[in-house]
Amino acid sequence: MTSGNNGANTPPEDDDPFGYLYADGQANGAQPPSGGGGYGYPGSVNRVRSVGQRQYGQQQPTSAYGQIPQQQGAYGQPNAHYAAPETHPGGAQTVQQQPSYSGGSGSGGGRGGGPNTKGLLIGAVAVVAAVVIGIGVAMLGGDDDPGDKDNQADSTPTQSQQSSAPSPSNSNSQAAKDDLPTIDAKALALAGGATTASDIKGAKADGGVYVTGFNAVGSSVTWTVNGIPKSGKYTVYVGYSVPGKDQNATLAVNGTPASTPVDLKNWADGPAGDYQKGWTKTYNWIQLNKGTNTIKVSCEQGNQCDALIDQMWLVNGWVDS
């Protein structure tokens, strides 16, 4: 076979409309189109029709191959053989559902559900309420103000207070005075060469007066104490100064010498020979009777008595400071 014609019995549909372009097609009579009369091989079928010539709903001719072409409707017109599914018996009726969305309702409308703002609001309120309740409970059941604890007296003594009682006459700390009597140097009864003076500064007695000349055996100061409220334990304090070195004296209460001397140590750490920088105090534990008592501090044999005395006073009980 050659291009342009597939044989004498070939249907017109198989004619090559461009056979005139080939040498063998021209030999078989293929002609180019001219005017409005078509082109191709002699005897070919011209299937050109005017617009609207074809009629729908009529029996179409059978093609050369015994097939009936499908009927087609004109553009924009329904096919005569088409029917919607809902028009057939038992056909399902199609219901088109419109998606719903309730924006801003807070209940979650729309496909897949919007944000549940109402639920979030309820949860936030619950959290705030829980926090407020917790704070209230903490305020009601919390610890007391630490300042209140500072104001409360500690009734339990420390270990050092329980286990270390100092010697009655070796304290350099300030003891609290109470309503018991206090006496200055000029009111003391002096003996054995003791006298008063005020040229060395630092004495706490009235007018800066102090007892001097105590550095001799037999010298003494005696305090007659009136108005002791009850018999019992007391602590007697002696204010004094030493010239940068430790001294001591003898104590007697109501005529009875005490077993513990009066320690006149250099608690002020004053330099040697400097009485002005040696002022300090010491104490002894004693027993007194109700009413009147005598307290004597003297320089006896074996004592080192180079000291100045300015005051004496009492406090209740045996204190350790």
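Reply: Happy to! Please keep in mind that this is a predicted model. N303 sits in the loop that runs between β11 (291–298) and β12 (308–316).

The relative accessibility of N303 is 16%, and the cut-off for buried is under 20%, so N303 counts as a buried residue.

Now for the partners of its side chain. The side chain of N303 makes a polar contact with the side chain of T250, at 2.7 Å. A polar atom of the N303 side chain also lies 2.8 Å from the backbone nitrogen of E300.

C299 and C305 are joined through sulfur atoms 2.0 Å apart, and a search of the whole structure finds 1 disulfide. The link between C299 and C305 is right-handed, with 95 degrees about the S-S bond. Both cysteines fall under the 20% cut-off: C299 is buried because its relative accessible area is 3%, and C305 is buried because its value is 1%.

For contrast, let's turn to helix α2 (residues 117–141), where M139 is found. M139 has a relative accessible area of 67%, and exposed means over 50%, so M139 is exposed. M139 also belongs to a nonpolar surface patch together with V127, V131 and I135. The accessible area of these residues together is about 420 Å².

Finally, here is the setting for these details. The protein chain has 4 helices and 12 strands. Of its 321 residues, 26% are buried, N303, C299 and C305 among them. The accessible surface of the chain comes to about 21,000 Å², and carbon and sulfur atoms account for 51% of that surface. As for contacts between residues at least 6 apart in sequence, 68% join residues at least 24 apart.

Key:
Residues numbered from 1 in each chain as written. Predicted model: local features only at pLDDT ≥ 70, side-chain atom pairs only at ≥ 80, totals over all residues. Heavy atoms only, no water. Helix = DSSP H or I, 4+ residues; strand = E, 2+ residues; numbered from the N terminus. Buried < 20%, exposed > 50% of the residue type's maximum accessible area, 1.4 Å probe, protein only. Polar contact = N/O pair within 3.5 Å; in protein donor to acceptor, adjacent residues only side chain to side chain. Disulfide = S-S within 2.5 Å. Patch = residues over 30% accessible without salt bridge, like charges linked within 9 Å, V, L, I, M, F, W, Y side chains within 5 Å. Areas by Shrake-Rupley, 256 points an atom, 1.4 Å probe, with all protein chains shown as cover. Salt bridge = Lys/Arg side-chain N within 4 Å of Asp/Glu carboxyl O. Contact = heavy atoms within 4.5 Å.
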